[in-house]
Each structure stands twice: as structure tokens, then as C-alpha cells.
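This briefing goes through one structure topic by topic. Look at the sequence and the model first, then read the points below.

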Amino acid sequence: MRTLWTFFIGVIFGTGIAFSGMANPAKVINFFDVAGTWDPSLAFVMGGAVVTAFIGYRLVWRRAAPIYEPTFDIPQKTTLDARLLTGAGIFGVGWGIAGFCPGGALPALGTLNTQVILFVLALIAGMLATRFVSSALARQQSPTSAAQ
Amino acid sequence: METEFTPFASLAGGVLIGLAAVLLMLLRGRIMGATGVLAGAMLPASRYDWTWRAALLAGMFAGPWVFFALQGQLPQIEVPAATPMLLVGGFLVGVGVTLGSGCTSGHGVCGMARLSSRSFASTAMFMLTTGLTVYALRHLWGA
């Protein structure tokens with residue numbers, strides 16, 4: 001049952017992405033092209049999503065725990081580091097070039113559009129390559145901690 | 001390439017995205033980040049962990065077809081980038097979201113909604129570099 005409900009949450013997200021225009025690179029790039037063919041639509045996506053989540057999260061967190069899990073699993077880290085900012089910077093360059101972000105592209109994959117498939121394959125390659133390199137670097141720097 | 005300004009459809013879409021984030025928190029206690037969901041589906045910590053991510057992804061793929069059922073056509077997908085650039089962009093997005101622990105949904109929506117300083121910093125940074133990249137490609141390189 002919980003798997004079915006989780007599927008429906010995915011449907012809501014995917015439908016939201018489809019209506020929002022986030023799955024359309026031409027529209028995403030135009031949002032950032034203030035000096036050219038500017039389309040401010042995506043500000044409405046962001047506004048609607050953040051305000052809804054801000055209010056809804058606060059209602060949900062009145063509960064001691066989520067419905068199907070023992071605890072809320074929320075990132076606890078608060079420190080800003082170079083890795084976070086470098087990653088965000090690189091992500092932005094890629095988003096500006098391709099026009100797809102992961103949340104826009106994954107629902108679009110449902111259309112089996114060739115360009116979306118190519119983007120997602122390159123996305124996965126970038127994700128796996130980064131995981132591989134960073135875990136190799138971590139092993140090299142601290143062989144004892146990696147062995148634990 | 002001009003695109004039509006769609007404040008109502010975009011706002012409605014945004015509210016649905018936010019609603020999905022809230023429901024995932026309510027049911028599973030998790031952040032609705034596309035990067036995290038995909039990464040965890042490829043390299044799951046356990047079978048249980050894989051199941052909810054796979055269900056969520058499968059639901060996402062159905063999204064454009066719900067749009068089709070309501071609108072009589074699939075959502076528009078126009079890619080201005082040539083294929084090699086699309087691949088370069090995709091790879092960079094993959095590197096960036098992995099290093100930076102999240103993307104537009106995880107940091108931009110969920111993180112900002114829970115007032116995370118890391119997410120505000122991340123969102124400011126990627127919005128800036130996306131804007132600079134679009135400006136460079138459209139107005140400096142292309143001009």
C-alpha cells in the first residue's frame with residue numbers, strides 16, 4: 001500500500017513538472033535569458049512550490065513521525081563548504097547548457113523523447129563518475145577509515 | 001526561441017511539486033529531491049530503500065501522460081542545445097548535483113522550504129551560474 005501511495009506522489013510531482021514547463025529546456029533557458037527572450041514563468045513554479053512546501057512541512061512536522069517510517073530523515077548538515085558551492089556552480093553551468101535539471105528531465109523521460117533519454121544517460125554518467133572519483137580519492141587519503 | 005509566458009500553468013505546476021514534497025515528507029519522512037531519489041535508485045542502500053525510490057520514479061514517468069489525458073497533447077519539450085552540448089550539459093549536471101548534494105527540487109524547493117542555509121547558498125550559486133552560462137552562450141558566444 002505504501003508503495004502505491006509513493007507511486008502516486010511521483011505522479012503528482014511528474015504532473016506538476018509537466019504543467020510547470022520545467023521539462024521544457026527552451027522555457028527554462030528563457031527564464032534565465034533576461035537580456036533576450038525572457039519568460040518569467042519559472043518564478044511562478046518556484047514560488048508555488050516553495051510556499052506550498054513551507055506551509056505543508058510545518059503541518060507535517062507537528063507529527064512525531066511520518067506515517068510509514070519510524071523517523072523523519074532530514075539532512076542535518078548546516079555548514080557551507082567548498083564542495084557544496086562548487087557542485088552548485090557546476091550544476092548551474094550544465095543546466096544553462098542543456099536546459100534540463102534532474103527534476104525536470106526524469107518525468108519527461110516518460111515520453112521516451114530521444115533528447116531526454118540522452119540527457120539522462122549523460123546525467124547518470126556524471127553522477128556515477130563523480131561518486132567513483134570521490135570515493136577513490138577518499139580511499140587514497142585515508143586508507144584506514146575506508147577499511148572500517 | 002520565444003516561449004509563451006504561462007503564469008497560471010506554472011503556478012499550478014509549482015503547487016503540485018510542493019504538494020508532492022509535502023506528501024513524501026508525511027508518508028515517508030523524506031526530502032523530495034530528484035538527485036537523491038535517482039542516485040539512491042541506482043545505488044540503493046537496501047531492497048526496501050530501492051522500492052520506494054523506484055515507485056516514485058515510475059510515478060514521475062506517468063506525469064506527462066496525466067498531462068496528456070487532461071490537455072490532449074504531451075508537454076512541449078524543445079531542446080535548443082545541439083546533441084553534443086546536451087550531453088556535455090547532462091554530464092556537468094550529474095557532476096554538480098552529486099558534489100553539491102542536490103538540485104532544483106532538493107535544494108531549491110525542499111531545502112529552501114525548510115530554511116536550510118546550505119540550500120539557500122546552493123540555490124543562489126546555481127541560479128547565478130545558470131544565468132551566466134545562458135548569457136555567455138546566447139549573447140557572447142552566439143552573437
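In helix 3 of chain B, the buried residues are Asp49(B), Trp52(B), Arg53(B), Ala55(B), Leu56(B), Leu57(B), Gly59(B), Met60(B), Gly63(B), Pro64(B) and Phe67(B). The model is a predicted one.

**Helix 3 of chain B**

- The cover over the buried residues of helix 3 of chain B includes helix 1 and helix 5 (102-108) of chain A, and also helix 1 (7-28) and helix 2 of chain B.
- Helix 3 of chain B contains 25 residues. From its first C-alpha to its last it reaches 37 Å, close to the 36 Å expected at 1.5 Å a residue.
- At Gly63(B) the helix has a kink of about 30°, shortly before the proline Pro64(B). Gly63(B) and Pro64(B) are both among the buried residues of this helix.
- After helix 3 of chain B comes Gly72(B), which has a positive phi, near 75°.

**Chain B as a whole**

- Chain B has six helices and zero strands, and along the sequence its pattern is α-α-α-α-α-α.
- Its C-alpha atoms fill a box of roughly 50 × 40 × 30 Å along the principal axes.
- Chain B has 143 residues, and 53% of them count as buried.
- Among contacts in chain B with a separation of 6 or more, 33% are between residues 24 or more positions apart.

**Ser10(B)**

- Ser10(B) sits in helix 1 of chain B.
- Is Ser10(B) buried or exposed? It is buried, because its relative accessible area is 0%.
- Apart from neighbours within four places in sequence, Ser10(B) is in contact with Phe19(A), Ser20(A), Lys27(A), Ser41(A), Phe44(A) and Val45(A).

**The largest pocket**

- The largest pocket holds about 730 Å³ of space.
- Its lining consists of 29 residues, and those nearest its centre are Pro75(A), Ile31(B), Gly36(B), Ser101(B) and Gly102(B).
- Which element gives the largest share of this lining? Helix 2 of chain B does, with six residues.
- Among the other elements that each supply at least two lining residues are helix 6 (114-141) of chain A and helix 3 (47-71) of chain B.
- By class, the lining of the largest pocket has ten nonpolar, twelve polar and seven charged residues.

**The second largest pocket**

- The volume of the second largest pocket is about 380 Å³.
- It is lined by 21 residues, with Phe19(A), Lys27(A), Thr6(B), Phe67(B) and Gln76(B) nearest its centre.
- Two or more lining residues come from each of helix 1 (2-20) of chain A and helix 3 of chain B. Helix 1 of chain A gives the largest share, four residues.
- Nine of the lining residues of the second largest pocket are nonpolar, eight are polar and four are charged.
- Phe19(A) and Lys27(A), which lie by the centre of this pocket, are also contacts of Ser10(B). Phe67(B) is a buried residue of helix 3 of chain B.

**The cavity**

- How many cavities of 30 Å³ or more does the structure hold? It holds one.
- The largest cavity has a volume of about 110 Å³.
- It is lined by 13 residues, and the closest to its centre are Ile17(A), Met22(A), Ile17(B), Thr104(B) and Val109(B).
- Helix 1, helix 3 (41-60) and helix 5 of chain A, together with helix 5 of chain B, each supply at least two residues of this lining.
- The lining of the largest cavity has nine nonpolar residues, four polar ones and no charged ones.

Terms used: Residues numbered from 1 in each chain as written. Chains lettered and ligands numbered in written order. Predicted model: local features only at pLDDT ≥ 70, side-chain atom pairs only at ≥ 80, totals over all residues. Heavy atoms only, no water. 1 Å grid on protein atoms, 1.4 Å probe; cavity = no way out; pocket = protein on both sides within 12 Å on 5 of 7 lines; lining within 4 Å. Points joined across faces, edges and corners; volume = space filled by probe spheres on them. Nonpolar A, V, L, I, M, F, W, Y, C, P; charged D, E, K, R; others polar. Expected span 1.5 Å × (residues − 1). Bend = angle between axes of the 7 residues up to and from the residue. Buried < 20%, exposed > 50% of the residue type's maximum accessible area, 1.4 Å probe, protein only. Contact = heavy atoms within 4.5 Å.
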